[in-house]
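Colleague: Could you walk me through how to read a few features in this one? I'd like the general idea before each case.

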Amino acid sequence: MAAPKVAVVGAGVVGLSTALCITETCPSCSVTVLSDQFSPNTTSDVAAGILIPHTYPGTPIHVQKQWFKETFTYLFAISNSAEASEAGIHLVSGWQVFKNTPKEELPFWSDVVLGFRPMSEAELQKFPQHRFGQAFATLKCDCPPYLLWLEKRLKATGVQMYTRKVADLWELHSEYNIVVNCAGIGAHQLVGDEKLFPVRGQVLKVHAPWVKNFIRDGDGLTYIYPGIHRVTLGGTREKEIWSLSPDSGTTKDIFDRCCSLEPSLRGAQDIKVKVGLRPSRWCVRLQREVLSQGGVKLPVVHNYGHGAGGFSVHRGTAKEAARLVGECIAALQGSSSRAKL
Ligand code: FAD
């Protein structure tokens, strides 16, 4: 069989990192990224990009932990390299604070992040409305620079990228041997996945360079995540809402909530509002499928549905998707050598 032609649909953090993993595990493949939008117009561009996992109820915890660990290790190495600033990756310390002590004082990811420990009484004095907290250091991606860095790496390995809206995965069967579906919330329409739904998120990106530590309310709704250039203030989680229009009342509410956690933010400048739709699902859809029409087959690997935690697990799920692409190639090679006999 000639070099397998692989199309990756989607150019968010999941599509780009999956394409990169495929080039690493299968250097003989010819990989093309097809997407109707690229950075800065994807959901991934809106994300805060902090590595704190979201829990997928339908995925075993040890699998989620493995995905997180692989992602953390990968980005930690970048943060320790000369590439860190261009890739927009840095280590950030901070606090997750709770109004009441949570049931789970040691989350499953506590031994992956660095220096996880309960907050001291002295630290808690900074948060008079909170009674319990956890201190740790984790990684933060500045999302648009990271996506551009991934695109640059892909172009350097010869990956082609085209703007194209795919109406049906089957339309790719005459041009490609394998299709990888990383369409995020677009998979709802692309493959008719009714289990996939949007969780709308509105955030503010502000100039407040004096804010150096992250602060996250344990309810997950209010957060302050300093990046290299801007601080992300969040947020909202609105299930089944498809609107991408910012809401001015919500902007004020987010700003007030963040200022009550970090009063110095009252001096923040240049407030920009962003909205994105988290591609949410009971579990990430990470599996092989074979489409077939009139005796012609098209192997597909799905990798979408990362919800509120796509940055936290993207490298781990991309590696698994690349492994599944390897299985598809082995199956294709098996059937082409059988056909020759
Ligand atoms: P996307 O970025 O949406 O990419 C999908 C791609 O597919 C796009 O390029 C799109 O154009 C393309 N596409 C779709 N349909 C088609 C089609 N039919 N044909 C061709 N192309 C198509 N996660 C974290 O881990 N940490 C955080 O701090 C964090 N903060 C967040 C804050 C907010 C406000 C939001 C909204 C999300 C946040 N997330 C966070 C979640 C994270 O953003 C997502 O899980 C992640 O971006 C999903 O990536 P994706 O590549 O699957 O989707």
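This is a predicted model: local features need pLDDT of at least 70, side-chain atom pairs count only at pLDDT 80 or more; totals for chains, interfaces and linings use all residues.

Colleague: Then how does Glu 240 count, buried or exposed or in between?

Modeller: Glu 240 has 47% relative accessibility, so it counts as partly exposed. Its place is the loop between S12 and helix H8 (248–261). Those labels come from DSSP runs numbered from the N terminus: helices are H or I with at least four residues, strands are E with at least two.

Colleague: And what should I look for in the backbone?

Modeller: Most residues other than glycine have a negative phi, and most peptide bonds are trans. Glu 240 is not a glycine, yet its phi is positive, about 65°. Asp 270, also not a glycine, has a positive phi near 50°. Asp 270 sits in strand S13 (residues 269–280), and at 44% relative accessibility it counts as partly exposed.

Colleague: Which peptide bonds are cis?

Modeller: Among them are the one from Ser 39 to Pro 40, with omega near 15°, and the one from Gly 234 to Gly 235, with omega near -10°. Pro 40 belongs to the loop between strand S2 (30–35) and helix H2 (43–46). Gly 235 is in the loop between strand S11 (231–234) and strand S12 (238–239).

Colleague: Now helix packing. How do I describe a pair?

Modeller: Two packed helices are described by the angle between their axes and the distance between the axes. Here the axes are lines fitted to C-alpha atoms, for helices over the stretch in contact, and angles run from 0 to 180 degrees between N-to-C directions. Helix H1 (residues 13–25) packs on helix H6 (residues 143–156) at about 30°, with the axes 10 Å apart. Angles under 35 degrees count as roughly parallel, over 145 as roughly antiparallel, 65 to 115 as roughly perpendicular and the rest as oblique; H1 and H6 are therefore roughly parallel.

Colleague: Which residues of H1 and H6 meet?

Modeller: Contact means heavy atoms within 4.5 Å. From H1 come Val 13, Leu 16, Ser 17, Ala 19, Leu 20 and Glu 24, and they meet Tyr 146, Leu 147, Leu 150, Glu 151, Arg 153 and Leu 154 of H6.

Colleague: How many residues of H1 are buried?

Modeller: Eleven of its 13, so H1 is mostly covered. The buried residues of H6 include Trp 149 as well as Tyr 146 and Leu 150. After H6 comes Gly 158, with a positive phi near 90°.

Definitions and conventions
Residues are numbered from 1 along each chain as its sequence is written. Side-chain values use heavy atoms; hydrogens and water are left out. Buried means under 20% relative accessible area, exposed over 50%, partly exposed in between (1.4 Å probe, protein chains only).
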